[in-house]
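Me: Hi! Could you walk me through this one before I set anything up?

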Amino acid sequence: MGLDVIGILSVLVAILGVCVPMGGLALRGIGNLRKDLTNRTDKLANQLESAHKELRDELKGDIVGLRDELKGDIVGLRDELKGEVVVLRDELKGEIAGLSDRIGALHSEVVETRVAFSDRVARLEGHVFGMPLPDTGTDPA
């Protein structure tokens, strides 16, 4: 039984003799991998930040360009609409002048009709009542 314990202890010492250096190497490798992974992660973060900044600057430039283009389009539309308004205003002035002339003509016709109607009424009254017309100065007798 003494040999069995010594054999087991020998095997354990042999295992520890091999495993401890191997474990140390493994830990060292894990440490190196973690360091390498940290460096790569930092590089990737820097690349992402740089790409983000570059895209943001590019988008700002595109937005400024689009804003300027839209401002130009708006100015052009405003000028075009001003021209249209001027043309429509002139057309409406002409239409209003034409309507004013027609209203004047209708007014003249109404006045003439009123005068003619008054004249006819006066003649009728003169005929019915035997009175002379006020503007003729004639005697009905």
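Reply: Happy to, starting with the overall fold and then the side chains. This is a predicted model, where local features need pLDDT of at least 70, side-chain atom pairs count only at pLDDT 80 or more, and totals for chains, interfaces and linings use all residues. Residues are numbered from 1 along each chain as its sequence is written, and side-chain values use heavy atoms, with hydrogens and water left out.

Me: Great. How many helices and strands does the protein have?
Reply: There is 1 helix and there are 0 strands, counting DSSP runs numbered from the N terminus (helices are H or I, at least four residues; strands are E, at least two). The radius of gyration is 57 Å, well over the 14 Å that the globule rule gives for 141 residues, so the protein is more spread out than a compact globule. That radius is taken over C-alpha atoms, and the rule is 2.2 Å times the number of residues to the power 0.38.

Me: What does the C-alpha trace span along its principal axes?
Reply: About 180 × 40 × 10 Å.

Me: And how much of the protein counts as buried?
Reply: Of the 141 residues, 1%. Buried means under 20% relative accessible area, exposed over 50%, and partly exposed in between (1.4 Å probe, protein chains only).

Me: Switching to charges: how many salt bridges does the structure hold?
Reply: It holds 2, each being a side-chain nitrogen of Lys or Arg within 4 Å of a carboxyl oxygen of Asp or Glu. In one, R40 pairs with D36, with the closest N and O atoms 3.3 Å apart. The other joins D119 and R123 at 3.1 Å, N to O.

Me: Where do R40 and D36 lie?
Reply: Both are in helix α1, 4 residues apart, about one turn of the helix. D119 and R123 are also both in helix α1, again 4 residues apart.

Me: Is R40 buried or exposed?
Reply: R40 is exposed, at 56% relative accessible area, while D36 is partly exposed at 34%. In the other pair, D119 is partly exposed at 30% and R123 is partly exposed at 48%.

Me: Last topic: which residues form the nonpolar patch on the surface?
Reply: V5, I8, L9, V11, L12 and I15, with about 530 Å² of accessible area together. Among them, I15 lies in helix α1, residues 2-129, and is partly exposed at 43%. Patches take residues with over 30% relative accessible area and no salt bridge, joining like charges within 9 Å and nonpolar side chains (Val, Leu, Ile, Met, Phe, Trp, Tyr) within 5 Å. Areas come from the Shrake-Rupley method with a 1.4 Å probe; for residues, only the protein chains shown count as cover.
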